[in-house]
Amino acid sequence: MASQDVLSQTTRLASSSALLQVLFRVVTFGLNAFTLRYLSRELIGVVNVRLTLLYSTVVFLAREAFRRACLSGSTKRNWTKTINLLWLTFPLGVFWSIFLGLVWLHLLEVPDPSVVPHYQAGVVAFGLSAIIELLGEPFWVLAQAHLFVRLKVIAESLSVVSKCILTVILVVLYPQWGLYIFSLAQLFYVSVLVMCYVIYFVMFLGSPEATKKSFPVARMKALLPNLMEDETFVNWKEAWLTWSFFKQSFLKQILTEGERYVMTFLNVLNFGDQGVYDIVNNLGSLVARFIFLPIEESFYVFFAKVLERGKNVKDQKQDDVAMAANVLELLLKLVLLIGLTITVFGYAYSQLALDIYGGSMLSAGTGPDLLRCYSLYVLFLAINGVTECFTFALMCKEEVDRYNFVMLALSFTFLCISYFLTHWHGSIGFILANCFNMGIRIAHSIHYIYDYFKESTYRPLRGLLPSPFLVLVYIISGVITGFSEVVFCCDKGWVARLIHISMGTLCFAATIVTMFCTETKLIHFVRSQ
């Protein structure tokens, strides 16, 4: 597939994934706002922190390394061996689900049954849901490698909407069921998700469309583990790369979900405070989840396909290097400007957003300060997502192994800092520790990118330097909206709130106009792709 075609399909995948994440987050926030009126903060804290952490840990440890290894390189490979390798995620998931399920049941603090009933059933259900989801892993990787955009959108949309509808029905009719509600909804979600992929491939394989595309798999039987005579069961190069990524993914999971592990294992916050923190955290991560994550996932595939892993810049095709450098520079500029916009305007509108969303339960206390800090953290997330997706797509096995030692030291440091900052400044300490963590990871990735391109004429890191005039407009907007918050928000009535919103709208419009005037190359890229 030509590099330009890969870029075109990758941007389609990123855009569709971003829209999909918008749907997820809108539905999730609506569901949270709804359930807050029926269920306790403690129950929401157990579901959104404790049980969701169990599920995400199992699926991450079981499949993340396999996904990264099997999506690297060209789609022209021995897919039988790749599929055999991907099926190893299932027994690995069973192991992690049983092991971590026992930890969750017997080593962690058990919630008060009168406040959060049926905790044991919830642990079993969320662990089982992770195992069910791993049954669809070979289908997901095949679809992602061949850029089946529509399949991903439809499958994940149907599953999340089905989950939310079932949750709402059960919350209204049987609120006393407690964790049974979320357990059934989670099992229904993963079942619908896996069935969508299975049904699609049953219909697609052997069809004229598959033949036209020269799809490498012809029958459903080929998507099951297959023993081949006189050949190894898996591609050992992919297997060793998977092992390298597995060691890294273990550490990355600690860094990604570090604050949840600290909350879960060290009991620094009660279940009610965990519920509030999770709601604010989800609100703060809205843009990060529906824009930055799809960009990172999709352009990881792009860089892995356009450039060859482990080769220096001189040994690559120069046309591909030029395209990759240009795309990286523009992606860095795009996420930087989005992050700066969130940071500047998030500071002055955090309290208003929380008051509208959850009332005084969220807007009083540490909620607004927590969201303000998260607005700054979004900027770190933005830059780290793009720099790491390029770095991980190009690292050879030896470089991945070396980076694992860096991640190990960073994981330990992060957990220690999280613990002490939380004791010093409550839940805000989690955000400050995450900013430190992301800062170190960004520095490592920038160093790798600089070294990679230093022997060429390309300087993609210039994408991290916005126009000075645009920076000035950001500063002025921050001052005006900050003053507006002090004067008009948020206990002076709706007229004052509307004035505050109008001031922000004018500043935001001025910022966007300045972007269009100063960042013409980026605007052309976004419009064309």
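Me: What does buried mean here?
Reply: Buried means under 20% relative accessible area. The model is predicted. Both Arg-260 and Asp-278 are buried.

Me: What makes Arg-260 and Asp-278 a salt bridge?
Reply: The closest N and O atoms of Arg-260 and Asp-278 are 2.9 Å apart. The cut-off is 4 Å, between a side-chain nitrogen of Lys or Arg and a carboxyl oxygen of Asp or Glu. So the pair counts as a salt bridge. Arg-260 lies in helix α11 (residues 258-266) and Asp-278 in helix α12 (residues 271-284), so the bridge ties together parts 18 residues apart in sequence.

Me: Why is Glu-519 with Lys-333 called a salt bridge?
Reply: Their closest N and O atoms are 3.0 Å apart, and the rule asks for within 4 Å. Glu-519 lies in the loop between α20 and α21 (520-528) and Lys-333 in helix α14 (residues 318-358), so the pair ties together parts that are 186 residues apart in sequence.

Me: How do you know that Glu-519 and Lys-333 are buried?
Reply: Glu-519 has a relative accessible area of 8%. Lys-333 has 10% relative accessibility. Buried means under 20%, so both Glu-519 and Lys-333 count as buried.

Me: What makes Glu-64 and Arg-68 a salt bridge, and where do they lie?
Reply: Their side chains meet at 3.2 Å, N to O, and the limit is 4 Å. Glu-64 and Arg-68 both lie in helix α2, four residues apart, about one turn of the helix.

Me: Why is Glu-64 called buried?
Reply: Glu-64 has a relative accessible area of 16%. Buried means under 20%, so Glu-64 is buried. Arg-68, with a relative accessible area of 10%, is buried too.

Me: Which residues of α2 and α6 make the contact where the two helices cross?
Reply: The axes of helix α2 (residues 41-70) and helix α6 (residues 137-145) come within 11 Å and cross at roughly 35°. Arg-63, Arg-67 and Cys-70 of α2 and Glu-137, Trp-140 and Val-141 of α6 make the contact. Arg-63, Arg-67, Glu-133 and Glu-137 are also linked in a network of salt bridges.

Me: Why is Met-503 called partly exposed?
Reply: Met-503 has a relative accessible area of 30%. Partly exposed lies between buried, under 20%, and exposed, over 50%. So Met-503 is partly exposed. Met-503 is found in helix α20 (residues 494-518). Leaving aside neighbours within four places in sequence, Met-503 is in contact with Tyr-349, Ile-480 and Ser-484.

Note on methods: Residues numbered from 1 in each chain as written. Predicted model: local features only at pLDDT ≥ 70, side-chain atom pairs only at ≥ 80, totals over all residues. Heavy atoms only, no water. Axes fitted to C-alpha atoms, helices over the stretch in contact; angles between N-to-C directions. Contact = heavy atoms within 4.5 Å. Buried < 20%, exposed > 50% of the residue type's maximum accessible area, 1.4 Å probe, protein only.
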